[in-house]
Amino acid sequence: MQERQRKTAAVLAVVLGSAFALLGAAPLAPQPGPAPSLRDEVDAATAARRNQGCITCHEREAEEWSTSAHATSASNEAFLAALEREQPRRHDFCLDCHAPERRSSARDPVAEGLGVACVTCHVPLGAILASPGAAPGPHGVLRPAWFAGTDACTRCHQFDFPGAGWPIQDTIDESVELFDLSCQSCHMRAGGRTSHRFPGGYDLAFARRAVDVTASRDGDEVTFVLIPTPPHAVPTGDMFRRLRLILRDGERVLAERFFGRRFERRDGTLHELRDDRLHATPRRVTLKIPDAGPLSWSLYLERVAYAPSANPDEDVIDGRLELARGTLAP
């Protein structure tokens with residue numbers, strides 16, 4: 001992971017350094033969050049007005065973005081509840097990604113309502129950025145190759161827990177180490193064209209594509225084979241997301257298995273105990289069951305609001321999606 005971060009930092013240093021030289025500005029120190037903004041907006045309200053200019057001409061893209069998690073990154077209920085639970089000294093760290101149009105350390109309703117907007121990704125340097133394959137428009141653009149790849153997403157989706165040396169989000173490293181695919185190839189495609197909906201773990205149809213599941217029964221054993229389909233771990237992103245496999249006899253739960261990252265708090269910070277998410281290769285899981293009649297099973301993607309202990313049964317859940325289900329005859 002550290003080698004990947006060094007490479008990413010080097011790429012950003014070259015890209016941003018060149019842009020800074022062209023624009024006559026001094027480089028900024030790397031930090032979690034979108035690329036440092038060199039636009040001349042003095043406050044979020046000015047950035048919002050500039051963003052409205054993007055929306056006026058790019059209506060389809062704006063409509064897609066308005067339904068995305070980017071648009072509500074700092075205003076959705078789950079984030080606001082999580083921010084409330086965090087110590088105030090952590091708020092800047094959270095808001096750097098979720099409300100990147102802030103221009104001070106104070107809470108800013110305009111920036112939080114804007115979320116991760118058009119200008120955040122497409123105008124971080126003053127000039128307008130577009131991918132190399134984008135159609136020409138009426139205004140000038142820069143078309144750096146990195147903007148169509150993972151480096152465009154790294155600063156918000158690959159970063160360490162402050163002072164701990166382990167990643168809160170490890171999505172980029174999980175992907176790049178195994179596959180030569182960009183984030184955009186999955187998260188910005190819909191109906192054969194580019195989309196700004198950015199579907200992910202909150203989108204049921206999209207999330208159901210993340211795992212293929214088969215189940216078989218032999219005596220007192222039920223065997224599942226879970227095959228992850230994305231190029232990154234399943235689940236990825238938020239460190240508390242997990243998969244939950246439940247086997248039932250009617251309404252009675254016979255067995256269950258969790259797949260996620262587990263932590264314990266020591267010396268005032270979290271330490272990772274294990275990571276048993278699905279990583280690229282099929283996972284075979286066998287559950288012992290008592291003698292029972294017809295069985296049903298479900299695989300859920302659960303969004304954990306917070307985990308008070310290392311015991312997954314104590315996790316507080318703020319949402320779940322059923323990714324797959326099935327039945328097994330006696």
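Predicted model: local features only at pLDDT ≥ 70, side-chain atom pairs only at ≥ 80, totals over all residues.
Local features are reported at pLDDT of at least 70 and side-chain atom pairs only at pLDDT 80 or more, whereas totals for chains, interfaces and linings use all residues. Residues are numbered from 1 along each chain as its sequence is written, and side-chain values use heavy atoms, with hydrogens and water left out.

Strands are DSSP runs of E with at least two residues, numbered from the N terminus, and two of them pair if DSSP finds at least two bridges between them. An open sheet is built from 5 strands in the order S9-S8-S7-S11-S12, with antiparallel pairing. Its edges are S9 (269-275) and S12, each of which pairs on one side only. From one strand to the next, the twist averages 30°; here axes are lines fitted to C-alpha atoms, and angles run from 0 to 180 degrees between N-to-C directions. Within this sheet, S7 and S11 are joined in the antiparallel sense by 7 bridges, and arginine 242 faces glutamate 302 of S11 as its opposite residue.

Other strands pair as well. S5 and S6 run antiparallel over 8 bridges, with threonine 214 opposite valine 225 in S6. These two strands make a hairpin with 2 residues between them, and glycine 219 in the turn has a positive phi of about 65°. S6 also pairs with S10, again antiparallel, through 6 bridges; glutamate 221 stands opposite lysine 288 in S10.

Next comes the interior. A nonpolar core is a set of buried Ala, Val, Leu, Ile, Met, Phe, Trp, Tyr and Cys residues joined through side-chain atoms within 4.5 Å. Buried means under 20% relative accessible area, exposed over 50%, and partly exposed in between, using a 1.4 Å probe and protein chains only. The largest core holds 27 residues, among which Val211, Phe224, Leu226 and Leu243 touch the most other members. Strands giving two or more residues to this core include S5 (211-218), S6 (221-228) and S7 (242-249). A second, separate core has 9 residues, including Trp166, Ile168, Met239 and Leu270. Leucine 243 has contacts (heavy atoms within 4.5 Å) with Val211, Phe259, Leu301 and Leu323, among others, not counting residues up to four places away in sequence.

What about the cysteines? A disulfide is a pair of cysteine sulfur atoms within 2.5 Å, and by this rule the count is 0. Cysteine 153 is in no disulfide, as its nearest cysteine sulfur, in cysteine 183, is 3.9 Å away. Cysteine 186 is too far for a bond because its sulfur is 9.0 Å from the closest cysteine sulfur, that of cysteine 183. Cysteine 186 is partly exposed, with a relative accessible area of 29%.

Finally, the structure holds 6 aromatic pairs. Rings of Phe, Tyr and Trp (its six-membered ring) pair if their centres lie within 6.5 Å; planes under 30 degrees apart count as stacked, over 60 as edge-to-face and the rest as tilted. Tryptophan 146 and phenylalanine 147 form an edge-to-face pair, 5.8 Å centre to centre with 90° between the planes. By contrast, phenylalanine 161 and tryptophan 166 are stacked, at 5.1 Å and 15°. Tryptophan 166 is buried, with a relative accessible area of 11%. Ring pairs also link Phe161, Trp166, Phe240 and Phe263 into a cluster.

Conventions. Helix = DSSP H or I, 4+ residues; strand = E, 2+ residues; numbered from the N terminus.
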